[in-house]
Amino acid sequence: MTLTRNVIVCATDFSSHATAAVTWAASLAKRCRAELELVTVLAPPTLSFPELATDAGIFEQAMREQAAARLRQLARVLGEEHGLVVTVQLLEGDPARAITSHAEGAGAQFLVLGTHAHGTVERWLLGSVADRSVRLTHLPVVVVPPTATRLAAGEPEGGRAPRILVGLTDGLAAPGVIAMARAMRMHGPCDLTFVHLYWPIVEYQRLGLAGSRDLFRPDPDVVGNLEPVLREQIGMLPGQGEVSLSIRPAWGDPAAGLLVAAEEGDSHGDAFDVMIVGAEQRHGLARLAQPSVSGKLVRGQATLPVICVPAPRDGAVLPDAPAEAPRLSTVLVPTDLSPAGNAAIPYAYALLRPQGGVVELCHVHEMTLPNPPYAYETRRGRLGAEETEALKAQLRALIPPFAAPLGITTHVSVIEGEKPAIAIVQAAERLRVDAISLGSHGRGGVARAIMGSVAAHVVENSRKPVLVVPRWGKLRGTPG
C-alpha cells in the first residue's frame, strides 16, 4: 500500500487548456508546502502515424526529447516563480489510466487536471480525460477550467484567504468531503461555505409536514431539522476563516443547484475560488442512467476549479463501531392509550434511566390529510382545543412517578396523521429522537398479513433504533 506523501501531481499536454491547471497546481502546492510533479503522456507514435512504423524508434525518441525539454522548461519557470521543488515525468499509454496509475503510485495528495475541449458526442460517449480520471482513481482530483486563475494563498503576502464552496450532496462521500475541507483549512486560512441541497417533497414526507408551503425557498421547519445534524456532521474546524452553512431546496439536477450557489457567491456576495464535491464513481450503464454530480461539473459545466473527493475504498461507508456505548438522550414512545400501547412507556424511561433525558410521549390522532398534505391547509377532521387537551391529560397521567427523580423530562403531544405507523416514523425524524419504544398488539399470521402491523412498519421504515414491547411484556422492577 502506497502512503500519501507531500506531492501534487499535475498533468499537462502543453495546450492552452492545460495552462490554467498548471498555474493552479503550482499555487496549491505552495499553499500546501508540497512538491509539484509535472507529467505528460506520450501516445505511441506508430498508433497515430502507421506510415512511420519503420522509423518509429527515431520518431519516438524525438518526441520524448521534445516533451522532456518542454517539461523541464516549464518546471524551471514554476520553480523560480513559486519557490517550489518541481520534478517531471514522461508517461505512455491511455492518458487517464497512465496519469491515475502514476499519481496513485506516487502517493500524491492531489491529482490536478485541466478540462479538454472534446466534441459533444465524444465527450458523452467516452468522457473527457478529467472525467475518466475521477472515476478511475481513489485520489482527490482537482479539475481546473481554462478560465481559472491561481488559488489565493491566504497568507499576509498572498492577500485574501480563498473562498471554498463545499457541496454536501452525496451521503457516501460526505465524510471525505468534510475531511478535505478541514485539510484545506489546516493548510492556511480559508472561508468555507457548506451547501446542502434538499428535495422539498422528500423532506416534507420524511418530516410529515402539512399545510401550504413555499417550494422554492428554504423551509424553516426543514432547515431547523437538518441544521443541527449537519453541524454535528461537520464538527469542529480548526484554523482561521469564516465557516457558514447554507441549506436550500433544489429541484432537478443537484449539479445545477451547486452551480447556482457558486454563481451567487458566499454570504458576502464574493465569488468562490474552488468547489469541493464528492466523486460518485459509477461505471457503465449506471453512469448513463444516473449521472454523477461531479461528472457533470468536470465536463465543462463548472467555471471554477472542482476538487472531487472519492468515497472510501471497497464500499467501506459504514462508520466504525463506537468506542463506547451510545448515549440515548431522547426517546419517542407513541401510544394508542390501550394496555398494549401503554406497555412500552416504562421501557422508554428505562432506556434513559442511567443518565436522564427527554421522553416524547405522544398519541396519534388519525385523520384524512389533503393530497398532497404540504400543499393545502385544512381543518377537516382535526381535533379541537378541548379534545386535544383531554388527550394530553390522559398522556400526562401515564408518566411514571419515578421519572422526575431520575432527571427525565416528559413532553406530551398529540400528532395528527393519516396512518399511525407513518406518523410515528415522521415524528421520530421531526423530533430528532435517538430511539423509539413501541408497544405491539401481538397480531400474527393471517391477521397481521391482512391488517398489517404498526410495529412492523415502524421497524422496517425507521432510521432510529426501535424497541418493540410485546403486549404481555413487563419491565422488571415495576409494579403491576
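Modeller: Let us begin with burial, where C308 has 1% relative accessibility and so counts as buried; the term means under 20% relative accessible area, while exposed means over 50% and partly exposed lies in between (1.4 Å probe, protein chains only). C362 is also buried, with a relative accessible area of 1%. This is a predicted model, in which local features need pLDDT of at least 70 and side-chain atom pairs count only at pLDDT 80 or more, whereas totals for chains, interfaces and linings use all residues. Residues are numbered from 1 along each chain as its sequence is written, and side-chain values use heavy atoms, with hydrogens and water left out.

Colleague: How many disulfides does the count give?

Modeller: A disulfide is a pair of cysteine sulfur atoms within 2.5 Å. By this rule there are zero disulfides.

Colleague: What span should helix α15 have, and how far apart are its end C-alpha atoms?

Modeller: Helices are DSSP runs of H or I with at least four residues, and strands are runs of E with at least two, numbered from the N terminus. The expected span is 1.5 Å times one less than the number of residues. For the 12 residues of α15 (385–396) this gives 16 Å, and the end C-alpha atoms are 16 Å apart, which agrees.

Colleague: Which residues of α15 are buried, and which are exposed?

Modeller: T388, L391 and L395 are buried. Seen down the axis of α15, the buried residues fall within an arc of 65 degrees, so they line one face of the helix; the arc is taken from the directions from the helix axis to the C-beta atoms. On the other side of α15, A385 and E386 are exposed. The buried residues pack against β12 (357–366) and β13 (408–417), where contact means heavy atoms within 4.5 Å.

Colleague: How many aromatic pairs are there?

Modeller: Rings of Phe, Tyr and Trp (its six-membered ring) pair if their centres lie within 6.5 Å; planes under 30 degrees apart are stacked, over 60 edge-to-face, and the rest tilted. The count is two aromatic pairs. F216 and W251 have ring centres 5.9 Å apart and planes at 45 degrees, so this pair is tilted. F216 is exposed, with a relative accessible area of 64%, whereas W251 is partly exposed at 37%. For Y349 and F402 the centres are 6.3 Å apart and the planes at 85 degrees, so that pair is edge-to-face. Y349 lies in helix α14 (residues 345–352) and F402 in the loop between α15 and β13, so the pair ties together parts that are 53 residues apart in sequence.
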